[in-house]
Amino acid sequence: MQSILRGLQQLRWLGIAAAIGVVTGFLLGWVVPEVVDRAVPEDWHWPEERAASLLKRDGWAAGWRMLQVYDPQRRQALQDAASVWASNVKALEDCKKRMTCSPDCYRSEVDSRSFMMIV
């Protein structure tokens with residue numbers, strides 16, 4: 001009878017130790033990577049890589065998604081700016097070439113309707 005009680009007590013202590021191990025492992029797995037991400041040099045970009053991997057996207061798509069969720073107006077402004085650039089790429093490239101020769105670039109043939117969309 002004593003050995004059965006001792007065995008049950010050992011099983012109970014083993015269960016408690018396993019539960020403590022699981023909770024400790026969970027907490028360490030949650031806290032330690034964040035601490036390490038903040039401790040490494042900033043140019044290693046570990047937090048950004050972790051965020052992209054959590055979103056299961058590459059860095060650009062993850063950033064675009066985060067911008068879409070957290071600041072839709074800024075995302076729209078970037079999309080409009082990209083549209084202006086794409087619709088005026090030739091004029092802007094010509095302007096850039098002329099800029100090295102003369103400061104008359106400000107009178108370039110950029111589509112004013114697209115430009116007014118941003119301003």
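**Figure 1. Arg 75 in helix α4 of the predicted model.** Arg 75 lies in helix α4, which spans residues 72–87; helices (H or I, at least four residues) and strands (E, at least two) are DSSP runs, numbered from the N terminus. This is a predicted model, in which local features need pLDDT of at least 70 and side-chain atom pairs count only at pLDDT 80 or more, whereas totals for chains, interfaces and linings use all residues. Residues are numbered from 1 along each chain as its sequence is written, and side-chain values use heavy atoms, with hydrogens and water left out. Arg 75 is buried but has no salt bridge. Buried denotes under 20% relative accessible area, exposed over 50%, and partly exposed the range in between (1.4 Å probe, protein chains only). A salt bridge requires a side-chain nitrogen of Lys or Arg within 4 Å of a carboxyl oxygen of Asp or Glu. The nearest side chain of opposite charge to Arg 75 is that of Asp 80, 9.0 Å away; Lys and Arg count as positive and Asp and Glu as negative, while His and the chain ends are not counted. Neighbours within four places in sequence set aside, Arg 75 is in contact with Trp 64, Leu 67 and Gln 68 (contact: heavy atoms within 4.5 Å).

**Figure 2. Packing of helix α1 against helix α2.** Helix α1 (residues 2–39) and helix α2 (residues 46–55) pack at an angle of about 135 degrees, and their axes are 8 Å apart. This makes α1 oblique to α2. Axes are lines fitted to C-alpha atoms, for helices over the stretch in contact, and angles run from 0 to 180 degrees between N-to-C directions. Angles under 35 degrees count as roughly parallel, over 145 as roughly antiparallel, 65 to 115 as roughly perpendicular and the rest as oblique. On the α1 side, Pro 33, Glu 34, Val 36 and Asp 37 meet Trp 46, Pro 47 and Arg 50 of α2.

**Figure 3. The salt bridge between Asp 37 and Arg 50.** The side chains of Asp 37 and Arg 50 form a salt bridge, at 2.9 Å from N to O. This pair links distant parts of the chain, with Asp 37 in helix α1 and Arg 50 in helix α2, 13 residues apart. Asp 37 is buried at 12% relative accessibility, whereas Arg 50 is partly exposed at 30%.

Figure 4. The structure holds 4 salt bridges, including one between Glu 34 and Arg 38 whose closest N and O atoms are 3.4 Å apart. Glu 34 and Arg 38 are separated by about one helical turn because they stand 4 residues apart in helix α1. Glu 34 is partly exposed, with a relative accessible area of 33%; Arg 38 is exposed, at 66%. In the salt bridge of Lys 90 with Asp 94, the closest N and O atoms lie 3.3 Å apart. Both residues belong to helix α5 (residues 89–101), again 4 residues apart, about one turn of the helix. Lys 90 is exposed, with a relative accessible area of 59%, and Asp 94 is partly exposed at 23%.

**Figure 5. Confidence along the protein chain.** The protein chain has 6 helices and 0 strands. Its average pLDDT is 83, and 84% of the residues score at least 70; pLDDT is the predictor's confidence in each residue, from 0 to 100.
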